Amino acid sequence: MRATRLPFGIILFALAVALFICSLKASKSPKAMGKPVSTMIGSLITPVLGNMIIILSSNYYLSLFGCYAYYIGMDFVMLALIRFTAAYCHLKWNSRLRQLAQLVLILDIISLALNPVLGHAFTVEAITVEGRDYYRLIPFFAQNIHRVVDYGILAISILIFIVKLIDSPKIESERYSVILLTMLLTTVWESAYIFSRAPVDRAMVGFGVFGLLIYYLSLHYRPLRLLDSILAQMVSQLPEAMFFFDSSGQCFWANEPGIKLAELDGVNFEPAYLKLRSMFGSEFNINDSDRHTVYSNESKKGYVLQRQLAKDDKGRLIGSFLSVRDNTEEQDALREEIYKATHDALTQLHNRAGYNFLLTTLDLSKIYLLVIDVDSFKNINDTYGHEVGDLVLQKVARTIKSNFRTDDYVCRIGGDEFVVLIANATESQKKTITSRVTRINKDLADTSDKLPAISVSVGAVMGSEGVEAKELFEKADRALYERKRNGKNGITFSPTTAY
């Protein structure tokens, strides 16, 4: 006969040690299931060790002691199972039913404890297994009652898990199904032993494994279907468009806003990459964790792109996800704020802040800077009032702007003082600039709009290599002062020549 007693004894001892460690860890768990799981696992240690003693012992009294540890220990296991089932399934047990079940188990414990006196539960007899004595159980009436009680409690727990599995939403069913499967496998193991009529009782191996699985499944296992379903529902309900990519860059899922944004059919998500690439160009890169605010010429909208890489515990890329949030209103509001901060409310030209910003963006060695002043503007305000004065300033702004190119910058830097920045200019443009100033003064002299005739004086300077903005403005301002001294209504180029 193949040796089985020692290997199974070692297995049961190892299970008892593992159960003790897991029970200790469960007792320290901050989770609500920690205490019920710790009690459940801890209660299994005694019957597992009792089963080990029965298997290894060839001594009558030691084997008998193992039997009491085994069978009384199983009653305590069932008491712990009641508590575990109630906690895991969130049951509010009727106190009378719970007390009745506990009372039946306590009475069974007492009955087994009285067996040495009454001899009504069981005895053991020696048989030869693997060449030495093995004491097997001879059950009596009370022992059969014990089996009915314990397996009845186990059957009730299984039934409760079946009911919870059926009544729970599909996304929660996994957390019940894994425990139910563990209980059924334990029952099958026990039944296999009974029907095999094997002389060596090794039933507690199944229960020991059951305890370890309960520890893992109750405290550490994350129901993947539940987790996937919850995450999918959460992501589906987000207003942002969400796209998920595998490690090769293929999109394998998108939520409803994502499907709409990328114009997908909801079945094939692979075209998402090319669609997003065409919308966002170089700003779209699924292999980089970053955040960008972009404007799509294709949709004429602004978006915030948030990319995040997903890596395994070894740092290897396993995929990525991209969120795309429409922030058109935010960008419009921001542009409006920037416009207000850099433009004059009266004339809609760049104000001094806008002028200062423009100077930082232009090549000062290739610009013409014109400082323009309205001649005798104070007399306009004094004679016609500030309302007419404002209308005159608006007319000046429109006239200057209409006489320069669209890529020239016209600014009102204060009061009746204006600046024109002519980008990419050359010295040869002097005559062109002069003719434009002449045309501006001609237009401003026209009184068909019932506004008083006015004129402007202009000081101009051509930029040069290494010149600073302040120096450039001062040169143009000196040229303007020269123009004022020489009769106004015209332009003077720095340093001398007047036109």
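Modeller: S248 is exposed, with a relative accessible area of 59%. The cut-off for exposed is over 50%. Keep in mind that this is a predicted model. S248 sits in the loop between β3 (241-246) and β4 (251-254). Its C-alpha atom is separated by 9.8 Å from that of S320, 72 residues apart along the chain.

Now to helix α14, residues 377-384. Three of its residues, F377, I380 and N381, are buried. Down the axis of α14, the buried residues fall within an arc of 95°, so they line one face of the helix. K378, D382 and T383 are exposed on the other side of α14. What does the buried side pack against? The buried residues of α14 pack against β8 (368-374) and α15 (386-402).

Look next at how α14 meets α15. Their axes are 7 Å apart, and the helices pack at an angle of about 140°. α14 and α15 are therefore oblique to each other. On the α14 side, the contact is made by F377, I380, N381 and Y384. On the α15 side, H386, V388, G389, V392 and L393 take part. By class, this contact of α14 with α15 has six nonpolar and three polar residues. Just after α14 comes G385, with a positive phi of about 95°.

Last, the aromatic residues. The structure holds 14 aromatic pairs. One of them joins Y88 and Y176: the ring centres are 6.0 Å apart and the planes stand at 85°, so the pair is edge-to-face. The cut-off for edge-to-face is over 60 degrees. Y88 belongs to helix α3 (residues 60-88) and Y176 to helix α7 (residues 173-196), so the pair ties together parts that are 88 residues apart in sequence. Are these two tyrosines buried or exposed? Y88 is buried, with a relative accessible area of 4%. Y176 also counts as buried, at 2% relative accessibility. The cut-off for buried is under 20%. Elsewhere, Y68, Y70, Y71 and F122 form one aromatic cluster.

Terms used:
Residues are numbered from 1 along each chain as its sequence is written. This is a predicted model: local features need pLDDT of at least 70, side-chain atom pairs count only at pLDDT 80 or more; totals for chains, interfaces and linings use all residues. Side-chain values use heavy atoms; hydrogens and water are left out. Buried means under 20% relative accessible area, exposed over 50%, partly exposed in between (1.4 Å probe, protein chains only). Helices (H or I, at least four residues) and strands (E, at least two) are DSSP runs, numbered from the N terminus. The arc is that of the directions from the helix axis to the C-beta atoms. Contact means heavy atoms within 4.5 Å. Rings of Phe, Tyr and Trp (its six-membered ring) pair if their centres lie within 6.5 Å; planes under 30 degrees apart count as stacked, over 60 as edge-to-face and the rest as tilted. Axes are lines fitted to C-alpha atoms, for helices over the stretch in contact, and angles run from 0 to 180 degrees between N-to-C directions. Angles under 35 degrees count as roughly parallel, over 145 as roughly antiparallel, 65 to 115 as roughly perpendicular and the rest as oblique. Ala, Val, Leu, Ile, Met, Phe, Trp, Tyr, Cys and Pro count as nonpolar, Asp, Glu, Lys and Arg as charged, and the others, Gly among them, as polar.
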